[in-house]
Amino acid sequence: MTASGETIPATPTHTTVLVTAAGSAPAIAFIRGLRSQSELSVSIVGVDTTARSAGLFDCDRRYTVPRVEDRQFLSAIEAICQAESVDVLAPIGNFELELFAAAAPGLRVKFGVRVISNTPEAVALARDKRTSAEVVARHGVAVPAIHDQSDSAAVPVPVIVKPTIGAGSHGVSVVRDRAGLAAAVKHAGKDPLIQDFIDGQEYTVDLVVDPAGLILAAAPRIRVEVRAGQSYKGVTVNDPEVEAAARRCARAVGLTGQGNVQLIKSAENGRCYFVEVNPKFAAAMGLTIGAGLNVPLLYVKLALGLRPRDDELIRRERVWLLRSWHDRVVAEEEIDAVASWDRSRTVQ
Ligand SMILES: Nc1ncnc2c1ncn2[C@@H]1O[C@H](COP(=O)(O)OP(=O)(O)OP(=O)(O)O)[C@@H](O)[C@H]1O
Ligand SMILES: [Mg+2]
C-alpha cells in the first residue's frame, strides 16, 4: 500500500498474454519484446487468421481465428481466453482496435482479461485525420493547412491528398502540379483530405501511456527510409520539441493505451507538424525496444496494475534499425497442428 492508500498489486508468478494478428510486423515486435525480458514470467498465445503465419511460431501456443469482420471473431477470442486462462490481451491489428476498445470492459468482467486498449472515443478520433488535426491544433500543435476541394483553383501546391480515414499509405499522393489534383482526389476515395505538403524530417514517436492517460515515455525515432508506409531504416533521437509535440497530440486525442504519433519537422520553419496519431503498436517499435524502452513489457505491466520503474522508461539515442527479412522455416505438420479456435473449447 502507498502513502495515498493505493494498493499496488504484487508481481504475478506467471502471466499469459494473448497477441492478435500474430503474423504482422507489430505483433512480431511485440512478441520479441516480451521474449527479450526476464522480469515477468510470460507465456504467449498467438492468434491469426491463417496457420501459415510466421509470428504464430514465435508463440508458446497458437490458434487460428476468423477474420475480424466475421461475427464469430469475438466468440473465438473469448473461447481462447477461457481455455488458456489469458491474463492480458494485446490487440495489434489496425482494424481490430474499435472492436477491442468496445469489448474491453466485458472481457475484464467475464474472463478477468485485461485488454491493452484506448477508449472507443480515442480510437475513433485518431482514425479521423480531419477531426484529430482540429483537436490537436487546439492543443497548440502545428497542423498542415487543410484545403477545400471544391475550390481547386485556390489550392496552393504542393499538397498531399489522402483519405480522411486511411492506413498503410493507401490512396496517399503528393501533388506538385495543380493539373494532378483531380486524379489524386479520386485516388484518395470517398472522403479526401487535401493538406499542405510539409517538406522536412519525418518522425514517429512511440509512446507509453498509462490507463489514466499519463504519458510515461515518448521516444522519437527518425523515419530514414520508408517503403509502403513502413520504416526500413530508422534511428532513435532525443528531440525535446518533437517529444513535446507528440505528448500534446496524445493528450489531445485522449490516449490511455498503446500509441504512436507521426510528425514532420518543417525544413522551412523548424516547427513540428502533426501527421497522425496511431492508437496502436508500431511495426518499427522493435527499434525503440532495442534501444532500451521495452514498450510491450511496460504495457503488460500497466495492464497488471504494476508501476514501471524510472530506469525502465529511458532509451538510448542514435540506435539504428536496419530492417531485414527473417525467414521462418516450419514443417507442414507444425502448421497442420495449429488448432482452430473452436478446438479451444475442448482444451482443459
Ligand atoms: N501534410 C503532409 N506533408 C508531407 N508529407 C505528408 C503529409 N501527410 C502525410 N505525409 C506523408 O505521407 C505518409 C502517409 O500519411 P499518413 O500517415 O497520414 O497516412 P496513412 O495511410 O496513415 O499511412 P501509414 O499507415 O503508412 O502511416 C506520411 O508518413 C508522410 O510521409
Ligand atoms: Mg501514417
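User: Two residues are in contact if their C-beta atoms, placed from the backbone, lie within 7 Å. Leaving aside its neighbours within four places in sequence, which residues is Ile 194 in contact with?

Analyst: This is a predicted model, in which local features need pLDDT of at least 70 and side-chain atom pairs count only at pLDDT 80 or more, while totals for chains, interfaces and linings use all residues. Residues are numbered from 1 along each chain as its sequence is written, chains are lettered from A and ligands numbered from 1 in the order in which they are written. Ile 194 has its place in strand β9; helices (H or I, at least four residues) and strands (E, at least two) are DSSP runs, numbered from the N terminus. With neighbours within four places in sequence left aside, the contacts of Ile 194 are Ile 146, His 147, Gln 149, Val 155, Val 159 and Val 161.

User: Is Ile 194 buried or exposed?

Analyst: A residue is buried if 20 or more other C-beta atoms lie within 10 Å of its own, exposed if 12 or fewer, and partly exposed in between, with C-beta atoms placed from the backbone. Ile 194 has 21 other C-beta atoms within 10 Å, so it is buried.

User: Is Asp 70 buried or exposed?

Analyst: Asp 70 sits in the loop between β3 (61-64) and α2 (73-83). There are 12 other C-beta atoms within 10 Å of Asp 70, so this residue is exposed.

User: In which order do the four strands form an open sheet?

Analyst: Two strands pair if DSSP finds at least two bridges between them. β6 and β9 pair over two bridges in the antiparallel sense, and Ile 146 stands opposite Gln 195 in β9. β6 and β8 (173-175) have a single partner strand each, so they stand at the edges, with one side of each left without a neighbour in the sheet. The pairing in this open sheet is antiparallel, and the order is β6-β9-β7-β8.

User: Why do the buried residues of α5 line one face of the helix?

Analyst: In α5 (residues 129-138), the buried residues are Lys 129, Ser 132, Ala 133, Val 135 and Val 136. An α-helix has 3.6 residues a turn, so residues three or four places apart point the same way. The face turned away from the buried side of α5 carries the exposed residues Arg 130 and Arg 138. The buried residues line one face because, seen down the axis of α5, the directions from the helix axis to their C-beta atoms fall within an arc of 165°.

User: What covers the buried residues of α5?

Analyst: α5 is followed by Gly 140, which has a positive phi near 85°. The cover over the buried residues of α5 includes α4 (120-127), β6 (146-147), β9, α7 (240-253) and β14.

User: How many bridges join β11 to strand β12?

Analyst: Strand β10 (residues 200-209) is joined to strand β11 (residues 215-227) by seven bridges, and Leu 207 has Ala 218 as its bridge partner in β11. The hairpin of β10 and β11 has five residues between the strands, and Gly 213 there takes a positive phi near 90°. In the hairpin of β11 and β12, two residues lie between the strands, and Ala 228 takes a positive phi near 45°. β11 and β12 (residues 230-236) run antiparallel, and the number of bridges joining them is six.

User: How many of the seven residues of strand β2 are buried?

Analyst: Strand β1 (residues 15-19) pairs with β2 in the parallel sense over five bridges, and the bridge partner of Thr 15 in β2 is Val 42. β2 (residues 42-48) is largely enclosed by the rest of the structure, because the number of its seven residues that are buried is six.

User: Which domains does the shell around ligand 1 draw at least three residues from?

Analyst: A residue is near a molecule or strand if its C-beta atom, placed from the backbone, lies within 6 Å of it. Of the 20 residues around ligand 1, Pro 144, Gly 166, Ser 169, Ile 198 and Gly 229 come nearest. Elements giving two or more residues to this shell are β7 (159-163), β9 (192-196), β13 (259-266) and β14 (272-278). By an automatic or database domain assignment, at least three residues of the shell come from each of domain 2 (123-128 + 198-322) and domain 3 (152-196).
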